[in-house]
Amino acid sequence: MNGPELLEPVLDFLDTLIAEHGHILYMVLVYVSLPLIAWILSGGLRRRLSHRENAAAPPMIVIWRTSTPPPLPPDIVGDYRPQADDDEQSFDA
């Protein structure tokens, strides 16, 4: 059995549940979301994140260069020749 075949009974159950009791599920989610939004706006998430502020920061790694990098290769401008296309266009109009 593969994934879709294993999930078929679960999805059928959810379809039936939503079809028969969808309006009740919607109202429950609305009433649950109101206190959740109020808790988030009052700083409920900030209280949990404030404990992490006291954690020590990882050490900063500084790499000092002791020598200069090698010079860049010379420009080879004269050796570049575009391919001849025999006056044909790449895309015909």
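Accessible areas here come from the Shrake-Rupley method with a 1.4 Å probe. Keep that in mind for the surface values below. The model is predicted.

**Whole chain.** Start with everything selected. The accessible surface of the protein is about 9,900 Å². Carbon and sulfur atoms account for 64% of that surface. Now colour by burial. Of the 93 residues in the protein, 2% are buried.

**Secondary structure.** Switch to cartoon. Pick helix α1, which covers residues 3-41.

**Nonpolar patch.** Select L7, V10, L11, F13, L14, I18 and L25. These residues form a nonpolar patch on the surface. Together they have about 640 Å² of accessible area. Zoom in on L14, which sits in helix α1. Is L14 buried, exposed or partly exposed? Its relative accessibility is 37%, so L14 counts as partly exposed.

**Negative patch.** Next, select E5, E8, D12 and D15. Here the surface carries a patch of negative charge made by these residues. Centre on D12, which also has its place in helix α1. Why does D12 count as partly exposed? Because D12 has 40% relative accessibility.

**Last view.** Show both patches together. L14 belongs to the nonpolar one, and D12 to the negative one.

Notes
Residues are numbered from 1 along each chain as its sequence is written. This is a predicted model: local features need pLDDT of at least 70, side-chain atom pairs count only at pLDDT 80 or more; totals for chains, interfaces and linings use all residues. Side-chain values use heavy atoms; hydrogens and water are left out. Buried means under 20% relative accessible area, exposed over 50%, partly exposed in between (1.4 Å probe, protein chains only). Patches are made of residues with over 30% relative accessible area and no salt bridge: like charges are joined within 9 Å, nonpolar side chains (Val, Leu, Ile, Met, Phe, Trp, Tyr) within 5 Å. A salt bridge is a side-chain nitrogen of Lys or Arg within 4 Å of a carboxyl oxygen of Asp or Glu. Helices (H or I, at least four residues) and strands (E, at least two) are DSSP runs, numbered from the N terminus. Lys and Arg count as positive and Asp and Glu as negative; His and the chain ends are not counted. The place of a charge is taken as NZ of Lys, CZ of Arg, CG of Asp or CD of Glu.
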